[in-house]
Amino acid sequence: MLKVTDLAVKRGSRVTLESITLSLPAGETLAVVGESGAGKSTLIAAILGLLKPAEGEITWNGKPARAARPALVMQEPRAAFNPALNLRRSVMEPIVAQGVALAAGRLERLCAGLEMPLDLLDRRPDQVSIGQAQRAGILRALIAAPPLVLFDEPLSALDAVTQKHTARLISELQAEEGFAALIVTHDLGYAVAHGDQIMVLKAGRVEETADANTFALTPQSPYCRTLRDAAISLGALEAAA
Amino acid sequence: MIKAIGALLLRAAVVLLGTAILTFALLWNAPGDPAQTIAMARFDALLTDDVIDQIRDEVGLNTNFWHAFRAWLGPLLRFDFGYSAVTGRPVWPDLWTAMTYTFPLALAGLASGLALSLPLAILATKRPGGLLDRTSVAIASLGAAIPAYWLGLLLILLLAVQLGWLPAMGARTPAHAILPAVTLGLGVAASLTRIIRSGILEARGQPFLPAIRRRGVDGRAVARDHIAPHAAIPVVTVFGLELAFLLEGAVLIEVIFGRPGLGTFLVQAILSRDFPHVQAVVVLTALVFVVVNLAIDIIYRAIDPRIGTEDA
Ligand SMILES: Nc1ncnc2c1ncn2[C@@H]1O[C@H](COP(=O)(O)OP(=O)(O)OP(=O)(O)O)[C@@H](O)[C@H]1O
Ligand SMILES: [Mg+2]
């Protein structure tokens with residue numbers, strides 16, 4: 001279980017996150033939504049331990065969060081890889097580093113789920129499309145069966161069909177392996193469909209946290225109502241019955 | 001890869017031809033009458049016009065440019081550098097002897113420079129901005145500002161004259177090479193330390209590193225797979241430039257330490273206007289540069305396969 005208690009993070013002298021509290025049990029998904037610059041990526045960086053909390057704490061089963069060896073899917077797919085190495089080397093790096101065995105057929109299965117031909121892995125990041133690099137990032141995050149995965153807009157560069165398949169693979173794998181997933185997304189429809197909870201960030205603060213259905217039916221704050229209505233009018237979310 | 005190396009070889013050949021034309025043009029247009037100088041050097045007196053004309057014929061100074069260029073290039077392609085215009089002895093054996101002094105000196109300078117700068121840079125980057133870091137940057141900047149000849153004299157004064165630990169002049173024993181090599185090496189280390197340091201710092205800032213470290217990839221693997229190759233690219237670049245410094249430095253240092261070698265060879269050749277000797281050094285230097293740069297280009301491609309993929 002990932003627990004964040006009363007977290008505040010400063011970048012330089014500016015406070016970019018304040019009073020963030022959340023808990024994410026194993027096997028569940030927390031969808032984090034919020035406008036650009038709200039602090040979503042900052043939250044992920046703090047959980048990873050890349051930014052020191054100014055206040056509060058972040059724990060995984062009572063231990064510092066890094067004990068979970070959290071996997072990250074980066075927001076910028078190309079920056080996520082060593083540009084000089086082929087994708088296979090990068091994707092396999094966690095497996096090699098942790099000295100775990102790769103289950104037979106796992107790579108093939110993940111690649112199929114992500115709609116990536118296996119030979120794509122023999123190319124370098126600059127030789128694939130952004131969407132392919134993004135999926136390679138997801139592949140690397142999931143390959144060594146981590147207990148906690150942080151997704152920073154993992155589907156942003158994918159077309160609607162590939163988005164759907166990729167989202168399905170993530171859910172299937174989560175159901176089998178029980179990892180906790182924190183997924184930052186701009187897609188409210190995706191958040192409601194796949195999130196157990198939804199957390200809305202605004203200007204570094206939690207605007208609202210709710211379970212997915214409650215959020216879709218009865219968002220509490222005015223901001224969240226606007227957000228929901230916008231998503232409905234865009235067709236990303238179905239109007240509540 | 002084979003195609004890329006072929007293209008690099010072709011480029012190297014073009015550069016060499018250009019250098020050859022340029023070298024010859026410079027010699028052809030050099031002020032003063034070389035025939036006079038040769039006569040002076042040979043007979044130690046000004047001679048009649050007849051004798052000077054004879055010398056002019058002998059060294060091919062009487063034809064037109066392209067004709068003379070072809071006549072000049074032919075033997076060079078066979079590595080035949082002709083005979084000294086001053087002593088009449090074949091150039092190659094003397095040149096070879098000079099090389100056997102200078103190249104080991106330059107290599108020793110490079111090796112000691114690397115041996116000094118690599119640990120220093122790694123230590124400095126342990127805590128960027130820390131005391132050790134600032135000290136090593138300051139030392140390196142100071143070192144880069146000090147001319148090699150001054151440093152050489154200083155080292156002679158301290159280690160040879162005052163303390164008497166090392167021989168200063170000549171090249172009789174391997175110990176004689178220590179001071180010149182260290183003098184060269186300190187200059188190399190000054191620039192390399194800064195390059196390696198900033199290379200390591202930049203490599204450490206690569207955006208994908210934190211995430212893979214969190215996944216259990218340890219510091220050693222990160223250093224080996226992600227930092228060293230990235231930091232090596234500017235170092236390899238500097239090696240090419242360093243070569244110019246080394247040869248130039250070696251020339252000065254040989255004079256200071258009274259060592260035989262290409263430096264002394266070249267200085268004497270220029271002073272006596274010994275065309276074949278000067279030519280030989282220039283051609284050799286160009287060849288070394290081209291070969292080293294070729295090697296550098298190939299090493300680049302081995303370190304980072306992206307390099308050179310766009311210009312096919
Ligand atoms: N390296 C940085 N240094 C200083 N401030 C930063 C830095 N990166 C981001 N910020 C600031 O922190 C705040 C939160 O940024 P963050 O990247 O977390 O936003 P985000 O919610 O992920 O936005 P997006 O949806 O555009 O990715 C923003 O105001 C941003 O300007
Ligand atoms: Mg972001």
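Student: How many Å apart do the C-alpha centres of domain 1 and domain 2 of chain B lie?

Tutor: Good place to start, and remember that this is a predicted model. Domain 1 of chain B is made of 1–86 + 272–312, while domain 2 covers 102–238. The distance between their C-alpha centres is 34 Å.

Student: Which helix gives the largest share of the shell around ligand 1?

Tutor: The residues around ligand 1 include Gly39(A), Lys40(A), Ser41(A), Thr42(A) and Gln75(A). By class, the shell has nine polar, two charged and one nonpolar residues. Its largest share, three residues, comes from residues 40–48 of chain A, which form helix H1.

Student: Is Gln206(B) buried, exposed or partly exposed?

Tutor: Gln206(B) sits in the loop between helix H8 (175–204) and helix H9 (209–214) of chain B. A buried residue needs 20 or more other C-beta atoms within 10 Å, and an exposed one has 12 or fewer. Gln206(B) has 17 such neighbours, so it counts as partly exposed.

Student: Leaving aside neighbours within four places in sequence, which residues is Gln206(B) in contact with?

Tutor: Contact here asks for C-beta atoms within 7 Å. Once the neighbours within four places in sequence are set aside, the contacts of Gln206(B) are His226(B) and His230(B).

Conventions
Residues are numbered from 1 along each chain as its sequence is written. Chains are lettered from A and ligands numbered from 1 in the order in which they are written. This is a predicted model: local features need pLDDT of at least 70, side-chain atom pairs count only at pLDDT 80 or more; totals for chains, interfaces and linings use all residues. Domain bounds come from an automatic or database domain assignment. A residue is near a molecule or strand if its C-beta atom, placed from the backbone, lies within 6 Å of it. Helices (H or I, at least four residues) and strands (E, at least two) are DSSP runs, numbered from the N terminus. Ala, Val, Leu, Ile, Met, Phe, Trp, Tyr, Cys and Pro count as nonpolar, Asp, Glu, Lys and Arg as charged, and the others, Gly among them, as polar. Two residues are in contact if their C-beta atoms, placed from the backbone, lie within 7 Å.
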